[in-house]
Every structure is written in structure tokens, then in C-alpha cells.
Amino acid sequence: MGGTRPGAPDRAVVPATPGCPQGPGVGTRRYRRRMLDLLLPRRCVRCLAPGSGLCTNCATSLPAAPDLAAPPGIERCWSLLEHRDAGRDVVVALKYHRHHDAVALLGAAMAELVDRRVDLVTWAPTSPRRRRARGFDQAEVLARSVAGALSVPCRELLVRSTGAT
């Protein structure tokens with residue numbers, strides 16, 4: 001135990017493993033993602049088949065949203081999915097089970113619906129209570145993905161009225 005304080009536990013020195021990052025780079029997002037992929041492989045958010053986001057079978061089974069008029073006071077809005085069957089399953093997986101693997105795919109598909117140049121993207125915020133319960137606002141996550149696909153800023157512009165759920 002030479003050189004250690006009395007009563008201090010011995011420290012094992014682990015030699016560097018080739019290919020294993022050491023030092024400040026260990027905390028990089030890419031390294032953490034690779035480690036998570038190794039420990040918890042990505043899966044389709046609907047059927048849990050190996051892969052990421054949505055498998056081909058689930059993606060092709062998503063029901064397209066019908067064309068509906070924009071709500072009063074809104075010039076134009078777009079919707080990607082009808083909230084039934086596979087579309088509902090994907091939304092539930094994102095909102096309640098934190099399956100974010102499909103966000104990039106959904107954001108890109110939502111961005112393709114936009115048929116003109118937009119200056120920015122925003123979202124209708126969820127209630128503070130639901131945000132706390134889920135740990136995130138699914139509308140914000142999707143809006144940021146759409147904005148990234150469109151290469152425009154994403155800004156929080158709307159405020160949820162008091163008492164709204």
C-alpha cells in the first residue's frame with residue numbers, strides 16, 4: 001500500500017484498451033451513443049424490430065392524415081399522420097415511452113409537407129404538468145427536428161394559457 005493514506009482503498013490501475021477512448025473525449029455524444037447502441041440496441045418504435053426509427057413495414061403502414069382546414073386564426077398548418085392504428089402507436093411511443101429514435105425520420109417527413117419557404121418553426125407547448133411528467137415536450141422535440149430538416153430556426157413563440165391541459 002505504499003504511498004496511500006492509511007485506511008484508503010487500493011486503486012486498481014486499468015491499462016488503456018486499444019480502440020477505447022481515454023481522457024476528455026470519453027464523454028463525447030458519439031462515444032455515448034455507440035456505448036448505448038452496444039448495451040441497448042436501437043429498435044423500431046412500433047414493433048421493436050432491430051434497427052432505428054421505424055422499420056420499413058411500420059413506416060409503410062402509417063396512415064396519412066386527411067386534408068383538413070386550418071383552425072381559425074391559423075393561415076396554414078400541416079399534419080403528417082392520422083392519429084389511429086400505426087400512427088397512434090408511433091405518437092404513444094414517443095410521448096409516453098420516450099422512443100425518440102423516430103424523431104429524425106418524422107421531422108424530415110413533416111418538413112417535406114411544407115410546400116413553401118418558412119422563416120421559422122414553432123410548436124404548441126404542452127402543459128407544464130405534462131412536461132414535468134414526461135421530462136420533455138414532444139411537440140418541441142418534433143418542431144426542432146422539422147426546423148433542422150428545413151434549415152430554419154426553431155423558436156418558442158406560443159404560450160399555453162393557464163388551466164389548459
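Which helix supplies the largest share of the lining of the largest pocket? The answer is α6, with 6 residues. The legends below describe close-up views of a predicted model.

**View 1. The largest pocket and its lining.** This pocket holds about 1,800 Å³ of space. Its lining is made up of 48 residues, and those nearest the centre are Cys77, Trp78, Ser79, Met110 and Thr122. Helices α3 (85–97), α4 (103–113), α5 (128–134) and α6 (138–150) each contribute at least two residues to the lining. Sorted by class, the lining residues are 32 nonpolar, 5 polar and 11 charged.

**View 2. A salt bridge between Arg46 and Asp89.** The closest N and O atoms of Arg46 and Asp89 are 2.7 Å apart. This pair joins distant parts of the chain, 43 residues apart: Arg46 sits in the loop between α1 and α2 (56–60), and Asp89 sits in helix α3. Arg46 has a relative accessibility of 34% and so counts as partly exposed. Asp89 is also partly exposed, because its relative accessible area is 30%. By the rule applied here, the model has 7 salt bridges.

View 3. Arg144 and Glu140 form a salt bridge, with a distance of 3.0 Å from N to O. Both residues belong to helix α6 and lie 4 residues apart, about one turn of the helix. Glu140 counts as buried because its relative accessibility is 15%, under the cut-off of 20%. Arg144, with a relative accessible area of 42%, is partly exposed.

**View 4. A network of salt bridges at Glu75, Asp115 and Arg116.** Salt bridges link Glu75, Asp115 and Arg116 in a network. One of these links is the salt bridge between Asp115 and Arg116, whose closest N and O atoms are 4.0 Å apart. Arg116 has 40% relative accessibility and is therefore partly exposed.

**View 5. Confidence along the chain.** The mean pLDDT of the protein chain is 79, and 76% of its residues score at least 70.

Definitions and conventions:
Residues numbered from 1 in each chain as written. Predicted model: local features only at pLDDT ≥ 70, side-chain atom pairs only at ≥ 80, totals over all residues. Heavy atoms only, no water. 1 Å grid on protein atoms, 1.4 Å probe; cavity = no way out; pocket = protein on both sides within 12 Å on 5 of 7 lines; lining within 4 Å. Points joined across faces, edges and corners; volume = space filled by probe spheres on them. Nonpolar A, V, L, I, M, F, W, Y, C, P; charged D, E, K, R; others polar. pLDDT = per-residue confidence, 0-100. Salt bridge = Lys/Arg side-chain N within 4 Å of Asp/Glu carboxyl O. Buried < 20%, exposed > 50% of the residue type's maximum accessible area, 1.4 Å probe, protein only.
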